[in-house]
Amino acid sequence: MKDYKVKKSKLSNFKNKLDFWATNSEEGGWNISSTDEGSQKMLENENEEQIKIQTGTEVLDDFVIDEETSDDERMIVNMGPQHPSTHGVLRLQAELEGEVVRRVKPIIGYLHTGMEKTGEELNYFQGPTNTTRMDYLSPLFNELVFSLTTEKLIGIEVPERAKTIRILMTELNRISSHLVALATGGMDIGALSMMIFGFRERELILNFFEKTTGLRMNHNFIRPGGVAADLPDGWQKDVQEILKVIPEKLQDYDDMLLDNPIWKGRLQNVGILTTEECFAYGITGPSLRASGYSWDLRKSQPYSGIEKFDFEIPVLNEGDVFARWRVKVLEIFESLKIVEQSMHNMPKGPYKIQDKKITPPPRKRLDESMEALIHHFKIYTEGFKVPEGDAYVAIESPRGELGCYIVSDGSSKPYRMHVRGPSFCNLQALPVIMTDSPIADAVAAIASLDPVIGDVDR
Amino acid sequence: MNSEILNIPLNDYKTTVESLKNEGFEMMMDLTVVDWFRKKEPRFEIVVQFLSTSHNKRKTLKTFVNDEDLSISSITDIYPSANFYEREAFDMFGIIFENHPDLTRILMPDDWVGHPLRKNYGSGRIPVQFKNAPKVD
């Protein structure tokens with residue numbers, strides 16, 4: 001009898017220790033309270049209309065519904081939010097019939113940090129620090145679109161050198177972003193070498209970014225009025241290295257994957273997206289170009305002087321996962337062309353606009369001039385005022401149209417700052433791609449859309 | 001690229017969107033709300049961006065919703081891409097889109113009270129409480 005009591009107390013003692021270890025508190029019950037799953041509703045609440053939107057049009061890869069299956073064979077499965085192939089914290093609720101996906105609902109919001117609200121509290125000078133954290137794989141595009149919108153509201157034009165630096169940096173960023181898409185996409189499907197290869201080559205570009213901007217991600221390099229700093233000495237050498245190495249490595253990828261029967265069998269005729277579906281769901285970028293529609297904002301609505309560069313838009317007609325993978329590889333080659341041209345034709349001159357209202361004085365001047373110090377202090381504390389009005393500017397990010405809508409009330413902070421993230425919109429098409437196809441293709445479909453959850457949830 | 005701005009009354013909203021679709025604006029790119037709290041009457045302005053890839057044109061549609069019911073008709077049946085954007089607008093501003101197939105919160109948790117992007121919703125008003133941490137008054 002006595003022994004039993006001792007055992008029990010020991011056990012409870014142990015439990016407390018575990019509690020203490022997990023939460024640094026003697027209070028129990030942490031493991032019960034921590035299981036309140038996100039309370040977003042399950043699929044059964046949806047009506048016919050919603051299901052119709054999710055199903056899309058009938059395409060080649062659709063499985064025909066078998067008359068004989070009963071409701072018992074259907075089950076709802078949760079995928080994510082902590083799943084390596086969901087590229088972050090995307091959660092999918094899938095209704096399966098055998099191993100065929102019948103309905104999918106993407107559930108997002110696990111990474112929501114209220115960046116649009118934060119954007120209303122930071123002035124225009126600080127704005128890029130906030131927007132750069134949205135799409136963390138292509139931060140320079142976010143900075144660029146914010147800066148372009150602010151410049152449109154003020155009505156200024158940045159110097160030629162600043163424009164070309166912006167193009168150089170964003171196109172390098174496009175390459176690094178696509179490399180991550182290829183790497184993680186390869187890993188999801190099972191080409192594990194691709195994972196290592198993609199991240200290895202991306203490192204080259206990130207090193208250049210670190211040299212230029214001081215950071216590998218979240219640069220805050222492109223600011224309203226120009227760029228933060230000039231390119232470092234000997235930058236041409238680094239860019240030459242990138243231009244030399246990346247095409248060689250892309251050749252390696254092609255040797256490994258392009259004629260690989262497993263890769264082809266896994267991706268071809270999987271997750272087909274027609275042009276009409278792209279229009280209906282607002283899908284832009286590589287996914288639209290892979291379904292046979294030539295649309296690139298760099299050509300049709302050029303920004304930051306990109307119309308002066310000579311490059312092509314790769315377009316493929318299949319609209320499947322393979323085409324979306326291939327378009328990204330081809331786009332890297334086109335981006336390399338732009339990088340090469342911008343390197344050879346880099347204009348001389350200032351890298352910031354010479355407008356005292358917007359540009360802070362150079363650091364050297366602060367030591368010698370009182371006025372410069374006051375000017376510097378005013379700009380960094382108050383920021384600059386932007387005239388009343390609103391503007392929407394869109395650029396071509398690696399995932400599609402990245403738009404920024406700013407409403408100004410004449411003060412130094414945006415009254416409303418909204419970012420149209422391409423991933424947020426592209427994710428709506430996930431049910432269309434995934435319905436009526438095997439569960440094994442679901443992962444390939446997610447990888448091909450290349451969603452960045454930071455951009456989805458903002 | 002400047003987009004043409006159309007300021008329209010609330011009643012014409014849906015018909016205008018339909019006519020835009022027929023004019024060749026294939027894509028609805030963005031739908032967002034501006035809260036003109038104590039600056040304008042009525043308070044909420046809906047801003048919708050349209051893109052025509054065939055004509056290479058953009059159009060911006062602006063309309064105000066009534067303060068009493070805060071409701072506007074949904075355009076998901078014309079442009080399915082409005083689905084997430086309308087849910088986001090409902091989540092962040094509390095605008096009710098009539099006949100939306102699934103008008104639920106999208107970014108905030110379902111049991112969240114309030115609409116965070118409204119101007120009278122202060123940021124930092126909810127103190128961050130960590131699990132089992134000593135309560136601070």
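This is a predicted model: local features need pLDDT of at least 70, side-chain atom pairs count only at pLDDT 80 or more; totals for chains, interfaces and linings use all residues.

Author: Residues are numbered from 1 along each chain as its sequence is written, chains are lettered from A and ligands numbered from 1 in the order in which they are written, and side-chain values use heavy atoms, with hydrogens and water left out.

Reader: At what angle do the axes of H6 and H7 of chain A cross?

Author: Helices (H or I, at least four residues) and strands (E, at least two) are DSSP runs, numbered from the N terminus. Axes are lines fitted to C-alpha atoms, for helices over the stretch in contact, with angles from 0 to 180 degrees between N-to-C directions. Helix H6 spans residues 139-154 and helix H7 residues 160-189. Their axes come within 8 Å and cross at roughly 145 degrees.

Reader: Which residues of H7(A) does H6(A) meet?

Author: Contact means heavy atoms within 4.5 Å. From H6(A), the residues taking part include A:Leu144 and A:Leu148. In H7(A) they meet A:Arg166, A:Met169, A:Thr170, A:Asn173 and A:Arg174.

Reader: Are the rings of A:Phe197 and A:Tyr253 stacked or edge-to-face?

Author: Rings of Phe, Tyr and Trp (its six-membered ring) pair if their centres lie within 6.5 Å; planes under 30 degrees apart count as stacked, over 60 as edge-to-face and the rest as tilted. The structure holds eleven aromatic pairs over all chains. In this one the centres are 6.1 Å apart and the planes lie at 15 degrees, so the pair of A:Phe197 and A:Tyr253 is stacked.

Reader: How many residues apart are A:Phe197 and A:Tyr253?

Author: A:Phe197 is in helix H8 (residues 192-213) of chain A. A:Tyr253 is in helix H9 (residues 235-257) of chain A. The pair links distant parts of the chain, 56 residues apart.

Reader: Is A:Tyr253 buried or exposed?

Author: Buried means under 20% relative accessible area, exposed over 50%, partly exposed in between (1.4 Å probe, protein chains only). A:Phe197 has 21%, so A:Phe197 is partly exposed. A:Tyr253 has 2%, so A:Tyr253 is buried.

Reader: Over which ring of chain B does B:Lys40 lie?

Author: A charge sits over a ring if NZ of Lys or CZ of Arg is within 6 Å of the ring centre and within 35 degrees of the ring normal. In chain A, the charged end of A:Arg458 sits over A:Phe424, 5.0 Å from the ring centre. B:Lys40 lies 4.1 Å from the ring centre, over the face of B:Trp36.

Reader: In what order do the elements of chain B run?

Author: Chain B has two helices and six strands. Of its 137 residues, 54% count as buried. From the N terminus on, the order is β-α-β-β-β-β-α-β.

Reader: Is the peptide bond from B:Glu41 to B:Pro42 cis or trans?

Author: B:Pro42 lies in the loop between strand E2 (27-35) and strand E3 (44-52) of chain B. Omega is near -10 degrees, and the bond from B:Glu41 to B:Pro42 is cis.
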